[in-house]
Amino acid sequence: MDLNIMASMAEYKCKTPVIFIFFNRPQTMVKVLEQIRKVKPDKLYLVADGPRSEEEKSKTEECRRIAKEMVDWECQAIQVYAEKNMGCRDRVASGISYVLQREESAIILEDDCVPNISFFRFMDEMLERYRNEDKIYLVTGRNDLGKYDAQNYDYYFAHHGGAWGWGTWARSWDLYDINMIHWPEIRDKKGGYIRDWMGWKEWIYRKKVNEDTYKGIINTWDYQMSFTIQYHRKICIVPSSNLVKNIGDGIDATHTINIDEKILIPAYEMHFPLRHPSQITVHSSFDRMYSRQAYEKGFWIRYFFSAVKKMLKALTGKEYKRKDFPFIFVDR
């Protein structure tokens, strides 16, 4: 890369307010904060949940201490801290809501999502360029395919957009419904907009997780966002190369317990100036490839696991999770 480009990236200052969400993992949050520290946003919202037990309190306190020490540049550092544990679903959703009731847009990073420095400039430019394009719900820095040909563009539009390093506008978040009140309406339809572009294996997967999220069996916030995007017929901006590396798999993770090499794809450098698509149209080949990797590969393993879970519950009365079967989920 040209030395002048490298120097300008090293000196880049983030223009958009950043939301940094953390909890009890000091070893991962430090790596994310190091990247935020390099771009020195003028506003940094620190969102943290409270401990689930007395034993966990020391870890959550250590994380808050690290945040206080590492935010050492001149900025507004706003603490949005819960004293009691709210859980992943309510803490993350309420934290984002708190910020987007006060800001027009924001960049959101969790404590296990390490961005390439170019991620921040990409987010700034996309959030400004498409601020009034109502059909676009979010901009993600995550491309789960690693790199994908975007027909000579540096990003494209898709039905799928990940929440591991992303940004959005208050106008989009206003549509977010944590309770998924429209899910039964879509679940019981035989066709419609969502079913028309989604493959049947993806639909089976999403029907299951949406139902479990709707019933409160899954304690998360992002399936609701995915459903919001689908229900309101919105689309996402995806970079042609992945800009955010997830380092959160493992024993301390909330949801991704098993190590998965596909999740740990590297973060690449985005080059500027950006090459923009000429039209806002969905890149259908990316959607198909993403769906194939995320929902079709390993489909029968997941289907078999679901049947085994039901059988074991009938025999023992106990609920089983993926972490109880590590030998099955070598490839998620």
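## Close-up views of a predicted model

**Figure 1. R65, at 40% relative accessibility, counts as partly exposed.** The model shown here and in the views that follow is predicted. The side chain of R65 meets that of E62 in a salt bridge, with an N to O distance of 4.0 Å. Both residues belong to helix 3 (residues 54–70), where three residues, about one turn of the helix, separate them. An α-helix has 3.6 residues a turn, so residues three or four places apart point the same way. E62 is likewise partly exposed, its relative accessible area being 32%.

**Figure 2. A salt bridge joins R25 and D111, one of 21 in the structure.** The closest N and O atoms of R25 and D111 are 3.2 Å apart. R25 sits in the loop between strand 1 (18–22) and helix 2 (26–39), and D111 in the loop between strand 4 (105–110) and strand 5 (113–115), so the pair ties together parts 86 residues apart in sequence. Each partner is under the 20% cut-off for burial: R25 has 8% relative accessibility, and D111 has 5%.

**Figure 3. K234 and D134 form a salt bridge of 2.9 Å, N to O.** This pair links distant parts of the chain, 100 residues apart: K234 is in the loop between helix 10 and strand 9 (235–239), while D134 is in the loop between helix 5 (118–129) and strand 6 (136–140). K234 is buried, at 10% relative accessibility, whereas D134 is partly exposed, at 47%.

**Figure 4. Helix 10 (residues 222–231) carries the buried residues Q224, M225, F227, T228, I229 and Q230.** Q230 has a relative accessible area of 5% and is therefore buried. Beyond its neighbours within four places in sequence, Q230 contacts Y193, I194, W197, M198 and R206. Just after the helix, R233 adopts a positive phi of about 60 degrees.

**Figure 5. The second largest pocket contains about 160 Å³ of space.** It is lined by 12 residues, of which Q151, Y153, Q279, T281 and H283 are the closest to its centre. By class, seven lining residues are nonpolar, five are polar and none is charged.

**Figure 6. The largest cavity holds about 50 Å³ of space.** A search of the whole structure finds one cavity of 30 Å³ or more. The lining of the largest cavity consists of R142, N143, D144, H160, G161, G162, V238, F286 and Y290. Three of these lining residues are nonpolar, four polar and two charged.

Notes: Residues numbered from 1 in each chain as written. Predicted model: local features only at pLDDT ≥ 70, side-chain atom pairs only at ≥ 80, totals over all residues. Heavy atoms only, no water. 1 Å grid on protein atoms, 1.4 Å probe; cavity = no way out; pocket = protein on both sides within 12 Å on 5 of 7 lines; lining within 4 Å. Points joined across faces, edges and corners; volume = space filled by probe spheres on them. Nonpolar A, V, L, I, M, F, W, Y, C, P; charged D, E, K, R; others polar. Buried < 20%, exposed > 50% of the residue type's maximum accessible area, 1.4 Å probe, protein only. Helix = DSSP H or I, 4+ residues; strand = E, 2+ residues; numbered from the N terminus. Contact = heavy atoms within 4.5 Å.
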